[in-house]
Amino acid sequence: MRNVTVIGMGHVGATVAFTLFTHGIVDNLYLLDKNQAKAEAEYNDLRDTLARNDYHVNVFLGDYSDLKNIDIIITSFGDIAATVKTGDRFGEFEINAKNAKEVGAKIKESGFNGVLINISNPCDAISTILQETTGLSRNQVFGTGTFLDTARMQRIVGEELNEDPRNVAGFVLGEHGASQFTAWSTVSINGKSAKELFTKEQEEKLSAQPNKNSMKVAFGKGYTSYAIATCGVRLIQAVFSDARLFAPASVYLDEVGTYIGYPAIIGKNGVEKVIPLELTSEEDEKLKESAGIIKKHIAQLK
């Protein structure tokens with residue numbers, strides 16, 4: 001049986017739950033939020049679709065006592081208004097650091113021993129706090145990280161060349177935030193290096209777009225939901241099917257000493273392996289600078 005609990009039923013958590021439900025990706029879906037009325041509303045809305053849904057999924061109002069038998073937890077708590085107001089994902093850091101400590105302690109107390117995928121922002125810092133607070137291994141806890149930013153880069157590069165985004169390979173690395181960067185040495189389109197297709201000036205222009213596009217969505221809607229939920233669902237599928245998916249996520253990278261957006265193999269145990277990249281000296285420096293920003297914020301809590 002495929003058992004998932006979504007903790008935090010805001011726009012993102014609700015979209016994750018809806019996608020899992022309508023695509024039949026889970027057998028048992030548990031919804032958990034500190035706002036019980038919100039959790040009940042989402043529960044009843046999903047239950048009302050059972051007679052029309054293509055799949056049968058058992059939906060429950062979740063409780064932390066249920067977590068011992070859960071396979072995957074998605075954490076999606078947060079205050080998106082703080083990010084939209086500041087234009088910075090660290091705008092949610094204070095409240096989400098508190099949430100992560102409280103939620104992490106309850107997860108630990110429950111006896112949960114599955115895989116935890118964090119979406120809450122700032123993703124890398126909150127993934128760190130959740131891993132430390134739950135006591136789970138670094139393999140079991142990871143975040144969506146730059147999986148979404150990489151998808152945005154693929155879209156932007158694809159549109160520039162009139163190509164399907166899925167024909168674009170490569171990674172956006174670093175913080176899921178302002179210091180992220182496109183590692184152009186890793187990018188190729190239909191097997192052809194981006195270095196052969198773009199000038200340095202074009203690369204710089206394209207590199208700025210993923211973060212700008214995310215804020216454009218956030219400012220226009222007041223939040224983001226579809227793209228990030230799709231990333232979370234794809235990672236859930238990779239764990240359930242032991243897909244050994246090669247993808248960037250927020251994983252612990254020994255080289256920089258923190259969770260950060262970097263490619264890894266995602267399978268049944270979570271992070272099966274972090275895959276070293278041969279970056280240019282400039283990209284390596286950007287990665288270290290981005291890690292420094294993440295670590296600086298985490299240090300403020302200690």
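Predicted model: local features only at pLDDT ≥ 70, side-chain atom pairs only at ≥ 80, totals over all residues.
Colleague: OK. Which residue forms a salt bridge with Lys 38?

Modeller: General idea: a salt bridge is a side-chain nitrogen of Lys or Arg within 4 Å of a carboxyl oxygen of Asp or Glu. Here the partner is Glu 42, with the closest N and O atoms 2.5 Å apart. Both residues lie in helix α2 (residues 36-47), four residues apart, or about one turn of the helix. Helices (H or I, at least four residues) and strands (E, at least two) are DSSP runs, numbered from the N terminus.

Colleague: How many salt bridges does a search of the whole structure find?

Modeller: Nine. One of them joins the side chains of Arg 2 and Asp 27, at 3.1 Å from N to O. Arg 2 sits in the segment before β1 (3-7) and Asp 27 in the loop between α1 (11-22) and β2 (28-32), so this pair ties together parts that are 25 residues apart in sequence. Arg 2 is partly exposed at 29%, and Asp 27 is also partly exposed, at 22%. Then there's Asp 164 with Arg 166, whose closest N and O atoms are 3.0 Å apart; Asp 164 is partly exposed at 31%, whereas Arg 166 is exposed at 73%. Finally, look at Lys 200, Glu 282 and Lys 286, which are linked in a network.

Colleague: Now sheets. What is the strand order in the open sheet of three strands?

Modeller: Strands of a sheet pair through backbone hydrogen bonds, either parallel or antiparallel. The working rule is that two strands pair if DSSP finds at least two bridges between them. In this sheet the order is β7-β8-β9, paired antiparallel. β7 (168-173) and β9 (192-193) are at the edges with a single partner strand each, so one side of each has no neighbour in the sheet. Five bridges join β7 to β8 (residues 181-189), and Val 168 has Ile 189 in β8 as its bridge partner.

Colleague: Which helix packs on that sheet?

Modeller: Helix α6 (residues 147-161), which touches β7 and β8 and makes about 135° with the direction of β7. Contact means heavy atoms within 4.5 Å. For the angle, axes are lines fitted to C-alpha atoms, for helices over the stretch in contact, and values run from 0 to 180 degrees between N-to-C directions.

Colleague: And the hairpin of β10 and β11: which residue takes a positive phi there?

Modeller: Gly 257, near 70°, in a hairpin with four residues between the strands. β10 (residues 245-253) and β11 (residues 258-267) run antiparallel and are joined by nine bridges, with Ala 249 partnered by Tyr 262. Seven of the nine residues of β10 are buried, so β10 is largely enclosed by the rest of the structure.

Colleague: Last one, the nonpolar core. Which residues of the largest one touch the most other members?

Modeller: A nonpolar core is a set of buried Ala, Val, Leu, Ile, Met, Phe, Trp, Tyr and Cys residues joined through side-chain atoms within 4.5 Å. The largest has 75 residues, and Leu 29 and Phe 142 touch the most other members. Its largest share, eight residues, comes from α9. Another core, of 11 residues, lies apart from it and includes Val 168 and Ile 189. As for α9 (residues 226-240), its 15 residues reach 21 Å from first C-alpha to last, close to the expected 21 Å; the expected span is 1.5 Å times one less than the number of residues. Among its buried residues are Ile 228, Cys 231 and Leu 235. Just after α9, Asp 242 takes a positive phi of about 50°.

Notes:
Residues numbered from 1 in each chain as written. Heavy atoms only, no water. Buried < 20%, exposed > 50% of the residue type's maximum accessible area, 1.4 Å probe, protein only.
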